[in-house]
Amino acid sequence: MQETPFCLRIEHLLPSMSDSNKTDFTNPSTFILLGIPGLEAAHVWISIPFCTMYVIAILGNFTILFIVKMEPSLHEPMYYFLCMLAVTDLVLSTSILPKMLSIFWFNSGEISFSACLTQMYFIHCFSMMESGIFVAMAFDRYVAICDPLRHSTILTNPVVAKIGLAVVLRGGTVVLPYPILARQWPYCRTNIIPHTYCEHIAVVKLACSDIRVSSYYSLSMAFLLTGLDVFFITVSYIQILRAIFSLPTKDTRLKTLGTCSSHLCAILIFYIPGLFSFVTHRFGQNVPLYIHILLANVYLLVPPMLNPIIYGVRTKQIRNRLLQLFTDKGTKESKTTNFTNPSTFILLGIPVPEATHVCISIPFSTIYAIAVMGNFTILFIVKMEPTLHEPMYYFLCMLAITDLLLSTSTVPKTLNIFWFNSREIDFSACLTQMYFIHYFSVMASGILMAMALDLCVAICHPLRHSTILTNSVVAKIGLAVVLRSGIMVILPYPILARRWPYCRTNIIPHTYCEDIAVLKVACADIRVSSYYVLSVAFLVTGVDVFLISMSYIQILRTIFSLPTKDVQLKAFRTCGSHLFVFLTFCIPSLFSILMQRFDQNVPVHFHVLIANLYLLVPPVLNPIIYRVRTKQIRDRLLWFFTCKGT
C-alpha cells in the first residue's frame, strides 16, 4: 500500500487550512510555526523570561526616547543615534515577540504566507539597520575624540539626518530580495516551519527547488555588509585609541575611554550572539535544533533589552534625568544640619570610585536574578510534585521563601544606588530594612536547624520519621522559627536604634541599613545596642550551630553502625545538600561579623563587600545545591524542560 506523504498526513490535523493547501503548496496560504521543537512542554516556562525581556525592552527604549526628547542637553548627535537604535530595537523585538508568545501561550502557530514574508523582511531589515547605526555611533565617537573642536560643525543635524536616512535605505534595499526570492519558490514539501518566527533560511528550506540563489545571497550579505560594518567600527576605534594614548595623563585617558564604554558594550552584545547564532545555524549540523532556535531568539531579544539599560546606567545625563523624573530631587545632596530625628539617611553604597559601582552592579544583579528564579523554581517544583510533600522539602520551601525575602530586602535598593545614584532612604524605611535583614538571617539559621533535626530523625529513626515529623509538627516548628526570629530576638534592634539621637551625620557608608553601621552615626552611648547585637549573633547562632552539630554527631554514629560501606555512603549522601548549605550560610556570616566588630584595619569597602556577599551568596547557591544534589528535584526539573522525565 502506498504511503501517504507527510505533508498530506499532517493536513487533516489542521482543519483551518483550505482544500487547495492540502494538495498543493506552490502558493501556500499559511505556514505553521512550531515554536521550539523538542521543548513544546516547556513553552509556557520559556515564555516567562522571553516576555520579561520584551517588557523590559519596550519600557527601556521608550524611556530613552522620552528622556532624550524632554532633555535639551541631550539634543546631540550621540543621542540622536541612540534614539534611532531605540526605535530599531522596538520594531525588531515587536516583529517577533507577539507572534512567539501567541505560539507559546495559545498554540497559535498559523501565519499567512504574506505575513511570514513581511516578518522575515522586518527582522532582517532592522537587524541590518542596527548594524549600520553602530557604525554611525562609532563615527560620532571618532569625531568627538579625535577632532573635538570640529565635532559640532561636522555632525550637524542635517548630516545626522542624512546618515540615518542612508542607514534606513541600505537596510531596506539590501534585504528586499529576501522576500522577493522567497515568494517565487514553489513549496511542495510542507508548510511547517520548525521555528518561532519566519527566519529566511528556515522558510526557503521548505521550497522544492534549487534555492542556492537565496542561500548565497543571504550568506554574502551577512558576511559582506556585517564585515564592512565591523571593519569601519574597528578602524574608528583604532584611531580613537591612538588619540586616547596620546593624551597627557592617565585620568584623562580613562575619562575619554569611558565615553566609548556604552557603545563598546552594545556592539559586543549585538555582534557576538549574532555571529554565534549565524555560524551554528549554517555549520553546526550536530547541534540540536532547539539550541539553534533558542540562540536565534536570544540574538534578537537580548540587545533590545540590554541597550537601554547599558546607556541608561552608564550615561550620566540620562541617569540623572531618569532619577529626577522619579524623585523630583535630581542628584542634590541632603543637608546635614540637624539629625536628632533625621527624616532620611544617605547610603553611600560601596565606598569606592563611583564609576566602579556600575561594574559591581553586574554580578550583583546577575546573582539576584539567579536567586529569584532558583528559589521560585524550588517552590514551584515542590508544589507540583506530590512525592516531594515531605518534611525535608517543606523546610526547603521555608528556606527558599526566606532567601527570597532576605535578598529582596537589600538588592533593589543597592542597585538603585549603583545605577541611579539614588542614595536617600527614609529613617523608618531604614529601620524596617534593618529589621527584615536580621529577622530573615536568624530565620534561615533556625530553618537549617530544623532541617538537621529532620535528617537526624530520618537516619536515626527511619521507621518513626513519618509519625514524629507530621505535617502539624512541621507547621509548629516553622511557626516557632518565625516567632523566635521576629518577636523574641530581632524586634529590639529597631526599637533601640529609634531612641538614639543622631547629631553627627546622616551618611551611612554601606549599601543597606546594617545595624552597627546605623548605630555608629548616633551621638550617644550605644553600648546597650552593640552588646545586644553581639550577644544575639553569638548566642542564637551559637545555639543553632550547637544543635546542628549534635544532630550530626547522632547521624554519624548511626551511619558508622551500618553494615556495609555502600550503605554508609548512601546514607551520608542524603546529608550532602544540607551540609553544603549550612557551610555556605555560616562561614561568610561568621567571617563578616568578626571583621565588622574586631578588625579595624580592614578597609571599609572590603567590610561592605563581605557583608553583601553574606546576604547574596546563600540565596543564590541554596537552590542550585538542592537542584544538583537532590534527585527528585533534578528529575522533575528535567521533565518540565524535556517532557521525558526519567
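**Entry 1: the model**

Before anything else, I noted that this is a predicted model. I kept the residue numbering that starts from 1 along the chain.

**Entry 2: disulfides**

How many disulfides are there? I got a count of two. A reminder to myself: a disulfide is a covalent bond between the sulfur atoms of two cysteines.

I looked up cysteine 116 and found it bonded to cysteine 198, with the sulfur atoms 2.0 Å apart. The pair ties together distant parts of the chain, 82 residues apart. Cysteine 116 sits in helix α6 (residues 113-146), while cysteine 198 is in the loop between β3 (192-193) and α10 (200-204). I read -120 degrees about the S-S bond, which is a left-handed link. Buried or exposed? Both cysteine 116 and cysteine 198 are buried.

Next I went to cysteine 430, which is joined to cysteine 513 at an S to S distance of 1.9 Å. Again distant parts of the chain are linked, here 83 residues apart. Cysteine 430 belongs to helix α19 (residues 427-460), and I found cysteine 513 in the loop between β6 (507-508) and α23 (515-519). The link of cysteine 430 and cysteine 513 is left-handed, with -120 degrees about the S-S bond. I checked the cover too, and cysteine 430 and cysteine 513 are both buried.

Cysteine 460 is in no disulfide, and its nearest cysteine sulfur, that of cysteine 456, is 3.9 Å away. The cut-off for a disulfide is 2.5 Å. Why does cysteine 460 count as buried? Its relative accessible area is 19%, so cysteine 460 is buried, the limit being under 20%. I also looked up cysteine 125, which counts as buried because its relative accessibility is 5%.

I started with strand β1 (residues 30-33). Thr30 and Ile32 point one way and Phe31 and Leu33 the other way, and all are buried. On the pairing, β1 runs antiparallel to strand β2 (residues 110-112), and I found three bridges between them. Threonine 30 is opposite serine 112 of β2. β1 also runs parallel to β3, joined by two bridges. Leucine 33 has isoleucine 193 of β3 as its bridge partner.

Which residues of strand β4 (residues 344-347) are buried on each side? I found Thr344 and Ile346 on one side and Phe345 and Leu347 on the other, all buried, so both faces are covered. Strand β5 (residues 424-426) pairs with β4 in the antiparallel sense, over three bridges. Threonine 344 has aspartate 426 of β5 as its bridge partner. β4 and β6 run parallel and are joined by two bridges. In β6, isoleucine 508 is opposite leucine 347.

**Entry 3: the nonpolar patch**

Leu479, Leu483, Ile487, Leu491 and Ile495 make a nonpolar patch of about 460 Å². Which helix gives the most to the patch? I found helix α21 (residues 471-489), with three residues. I picked out isoleucine 487, which lies in helix α21. Isoleucine 487 counts as exposed because its relative accessibility is 54%, and exposed means over 50%.

Terms used: This is a predicted model: local features need pLDDT of at least 70, side-chain atom pairs count only at pLDDT 80 or more; totals for chains, interfaces and linings use all residues. Side-chain values use heavy atoms; hydrogens and water are left out. Helices (H or I, at least four residues) and strands (E, at least two) are DSSP runs, numbered from the N terminus. Buried means under 20% relative accessible area, exposed over 50%, partly exposed in between (1.4 Å probe, protein chains only). Two strands pair if DSSP finds at least two bridges between them. Patches are made of residues with over 30% relative accessible area and no salt bridge: like charges are joined within 9 Å, nonpolar side chains (Val, Leu, Ile, Met, Phe, Trp, Tyr) within 5 Å. Accessible areas come from the Shrake-Rupley method with a 1.4 Å probe; for residues, only the protein chains shown count as cover. A salt bridge is a side-chain nitrogen of Lys or Arg within 4 Å of a carboxyl oxygen of Asp or Glu.
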